[in-house]
Amino acid sequence: MVMKMGGQFLLILFFSSAAFFFTFSQARSITSTSTKPQIFIETNQTAATARSCSYTLTIKTSCSSPKYTRDRVSIAFGDAYGFEVYAPRLDDPSARIFERCSTDTFQIRGPCIYEICYIYLKRVGSDGWKPESVKVYGPDRPAITFKYNKLLPNGVWFGFNHCRKIM
């Protein structure tokens, strides 16, 4: 009985800690050897954050998307335990990001995630944008691909949640 109550206490403590896990990011363009720059997103984390990990995102824009977009594009992905990486601004119209038939690569640093099981994109603007797929590479895990191939609605988080309940 003592072991069971101790386990419940640890589980409650873990989820309480996860509730204080907030991440904010800012994107900036860097020089690259390819024709398009990689975007690095630096994440500022609260003191509650234990570890920080690096993620690579490869976002492919559909060939049936508008020619380009000036819309603001945000992303959030995470695991079933509540750990999340959030980038409020991926787009950069001056760097030719998210053009029709293009593939863009982003480096994001954020909290370490156990197994990515959800991802959401948000587009705000009037141009429209149709991502074909988003591939996320994380540390010590195989890459995971989420296939969109749909025009994103304006001003709404849109994506996938394949997370299983923890308890």
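Analyst: Happy to! Contact means heavy atoms within 4.5 Å. By that rule, and leaving out residues up to four places away in sequence, aspartate 71 touches Asp91, Arg123, Val124, Gly125, Ser126, Asp127 and Gly128. This is a predicted model, where local features need pLDDT of at least 70, side-chain atom pairs count only at pLDDT 80 or more, and totals for chains, interfaces and linings use all residues. Residues are numbered from 1 along each chain as its sequence is written, and side-chain values use heavy atoms, with hydrogens and water left out.

User: Why is aspartate 71 called buried?

Analyst: Buried means under 20% relative accessible area, exposed over 50%, and partly exposed in between (1.4 Å probe, protein chains only). Aspartate 71 has 2%, so the buried label applies.

User: What does the side chain of aspartate 71 reach at 2.7 Å?

Analyst: The backbone nitrogen of glycine 128. The backbone nitrogen of serine 126 is reached too, at 3.1 Å.

User: How do you know that β4 and β5 pair?

Analyst: Two strands pair if DSSP finds at least two bridges between them. β4 and β5 have four bridges, in the antiparallel sense. Phenylalanine 77, for one, has valine 85 as its bridge partner in β5.

User: Which residues have a pLDDT below 50?

Analyst: pLDDT is the predictor's confidence in each residue, from 0 to 100. The chain averages 77, and 68% of the residues score at least 70. Residues 1-49 are below 50. Where pLDDT is low, the predicted coordinates should not be read in detail.

Conventions: A polar contact is a pair of N or O atoms within 3.5 Å; within protein, one must be able to donate a hydrogen and the other to accept it, and residues adjacent in sequence count only if both atoms are side-chain atoms. Helices (H or I, at least four residues) and strands (E, at least two) are DSSP runs, numbered from the N terminus.
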